[in-house]
Amino acid sequence: MKQFAKYLGQAVAYALLMAFVGYFATSPGYTYVDPREKSVVKLSLAHAGKIIGECREISEQQRKRFPPGARIPQDCPRERSDITIEFNLDGKQVFSKVIPPTGLSRDGAAYVYETFVVPAGEHQLEVSMRDDVRTSGFDYVRKETVTLEGGRMLIVDFMPERGGFVLVR
Amino acid sequence: MATTLRQVSQRALTRIEDQFTKVFGAGCNPFFHLGALTIYFFWIVLVSGLYLFAFFETSVFGAFESVERLTNEQWWLGGVMRSLHRYASDAAVVTMMLHLIREFVRDRYRGVRWYSWLTGIPLLWMVFLLGITGYWLVWDMLAQYVALISAEYMDWLPIFTDPIARNFISQAALSDRFFTLMGFLHLIGLPLFLVFGVWFHVMRIATPRITPPRVLMAGSFLAFMALSLIKPAVSHEVADLAAVPGELSLDWFYLFIYPVIDAIGPAAVWALLTVLSFVLMAFPWLPRKAAEPVAKIDLAHCSGCTWCANDCPYGALTMRPRSDGRAHKQEVTIDPDLCVSCGICAGSCPSATPFRKSEDLTTGIDLPQFSFRHLRDETAAQLARIGGQPKVIVFGCDHGAAIETLRADGVAAISMPCTGMMPPAVIDYALREGAQGVVVTGCCEGDCLHRLGNVWMEQRILGTRPPQLRARVDRDRIKVHWASATDLASVRQEVEAFGKTLTDVTPRQAAPAKAVAATQAEG
Ligand code: HEM
């Protein structure tokens, strides 16, 4: 092959490499959630259910058998309740689950993390939770009408110190 | 079925490679240097990365700004470095994947070579993780997307109680914790792993090719530079946890898995990647390569010269102190787990002289399935059988052009497992047994299936590597022409053209070894 043709061929090969790498480094574009039409609601919370069972008094006699540092007056159970969560969007139930506490002794918090992609615009949200297996009905409920902008996120979180469910934008 | 599939894909690959050989020349064909090119691209990544790091703020709140400043205010150096960093990494994925496909298609992953294959798989993972963590560090909307989906993906595993994803949904929850982890992985952890990983990967290979030819280094560097100037790497908008990542310019080389997670969910992707990794890892045993007999040592003929140990492309031969009481200091030993049965050692053994009178012609080291004795006897037999003038004998290998089809009046042809297994004295022998010319062929230059067979052969003929072809052998009667499996035509042409030059060759006294180089340069 002529020397010139060789160099030309090499130039073509490098140009192809550049085109291939250059193109796929950014293209084709990918749309995760279309910001013009959709927004996202996330149900995301961590909550420790009520402790199950009553504390038991430990008598003087029994206490003496423990080492001095461990002579507590009461023996309290550590197990916590499951939490029950329901989430309704525009009157339709989209999520309903009983979530066990974490931890080997079932003494940790229960976690929820769920994503709902919804059309942008006005929505009715209703979220309810029971955190005590001994009661019925819901201990916390929040109903709200919200207007969601496209491409924005709304977090439904739970903060007992702020009175229960909170909506974070 | 599998065999035909392999043959078809092998031919297709070779055809593509032939085109590159035409353009780049065999020595600089990028397909013959894919592993080395990958390493070189990572060098570019390392150097440009160090520069970026000097200006980078490793905190989730300062990162984006620092990258923006570098990209815009210092586009002429910082921006170019950033683009080089990105494009060289992308190209490394291309060469790495081609390297994987090529080793597979050429059946260089089974048998003894399982080791290189298996140690390649973790490299695959590490490379992708390196890219992903890199995109995380920019902390733009793309990084936010990568962080969020990665977290959701990891959360599927039942090992985390508190979902990691909760860290990436509100500015309040965001901490430097993950950012620092990603910084560590990207800047120190994964690069270190890669360095050691590559070292492990090539450990069983003698003199691995880890540096590509200069021309390829220069060419690809210029290509990356040009691309960096034409299409500089830029960020998305700054990450905003109250917003949902929308339209993204994905780097498909590294981030292709994210849309897949979106589409089929974390569980399916975990299953897919796990199964894929295990299947890939099991490849060398699916099915296993039929074990070929390994090289056989005969200490009675071994003088401990070290030549075969120096020549073995897989480091299967080592020298140890003499064990049989003979006067020599050392003897060679073989590790059968490393021997690929190429026979190159047989070609380097000084005891392999075809002129020896001994009946059995045993040599210090030999390949049982294609012994030195067989090679000599076949040479003599074919030369005695063929008629015509001038007589040419072609020596080639089973992986280059199918030279048996060239047999004709005046042309003998012997194909062996690797041309490198032929002691150069056989050329001398063939000329004395009636051949007027000897053609040596085998896998394409720079691309011996057994890595070094054609290199050693050439050096032995040139007299720069022992065992040397005797100086008095007339180099004008020798033609060296390497050719790929699909390039039988060029071998045929060479044989015919060479035959014509032989009619007026009369035996000469010692011709300078350089003559061979000259004949090759012409071809
Ligand atoms: C960072 C990525 C990688 C780099 C830098 C790399 C580099 C190399 C180098 C330099 C060699 C030696 C080539 C020679 O001198 O002949 C080699 C051989 C090899 N590589 Fe890789 N490699 C990588 C990934 C992989 C992967 C993912 C696989 C497949 C799973 C793989 C499979 C092999 C095999 C089978 C060989 C042995 C070939 C033989 O025995 O002749 N490599 N690699």
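This is a short tour of the contact between two chains and of the shell around a ligand. The model you have open is predicted.

**Stop 1: the two chains together**

Select chain A and chain B. The contact draws on 41 residues of chain A and 46 residues of chain B. Between them, about 3,600 Å² is buried, and carbon and sulfur atoms give 67% of that area. Now pick out A:Y14, A:Y30 and A:Y32. These three supply 21% of the area that chain A buries against chain B, more than any other three residues.

**Stop 2: polar links across the interface**

Keep both chains in view. Between chain A and chain B, 18 residue pairs are in polar contact. Which elements of chain A give two or more residues to the side that touches chain B? Select α1 (3-24), β1 (30-31), β2 (38-47), β7 (110-119) and β10 (153-159) of chain A to see them. Color α1(A) next. With twelve residues, α1(A) gives the most to this side of chain A. By type, the residues on this side are 23 nonpolar, eleven polar and seven charged.

**Stop 3: around B:E247**

How many salt bridges cross the interface of chain A and chain B? There are three. For one of them, select B:E247 and A:R36. Their closest N and O atoms are 2.9 Å apart.

A:T31 stands opposite B:E247, which sits in β1(B). β1(A) pairs with strand β1 (residues 247-248) of chain B. The pairing is antiparallel and runs over two bridges.

**Stop 4: the ligand and its shell**

- B:H201: a polar side-chain atom lies 2.7 Å from a nitrogen atom of the ligand.
- B:R209: a polar backbone atom is 2.7 Å from an oxygen atom of the ligand.
- B:Y314: a polar side-chain atom lies 2.8 Å from an oxygen atom of the ligand.

**Stop 5: the helices that build the shell**

Notes:
Residues numbered from 1 in each chain as written. Chains lettered and ligands numbered in written order. Predicted model: local features only at pLDDT ≥ 70, side-chain atom pairs only at ≥ 80, totals over all residues. Heavy atoms only, no water. Contact = heavy atoms within 4.5 Å. Buried area = accessible area lost by both parts, 1.4 Å probe. Salt bridge = Lys/Arg side-chain N within 4 Å of Asp/Glu carboxyl O. Polar contact = N/O pair within 3.5 Å; in protein donor to acceptor, adjacent residues only side chain to side chain. Helix = DSSP H or I, 4+ residues; strand = E, 2+ residues; numbered from the N terminus. Nonpolar A, V, L, I, M, F, W, Y, C, P; charged D, E, K, R; others polar. Pairing = 2+ DSSP bridges.
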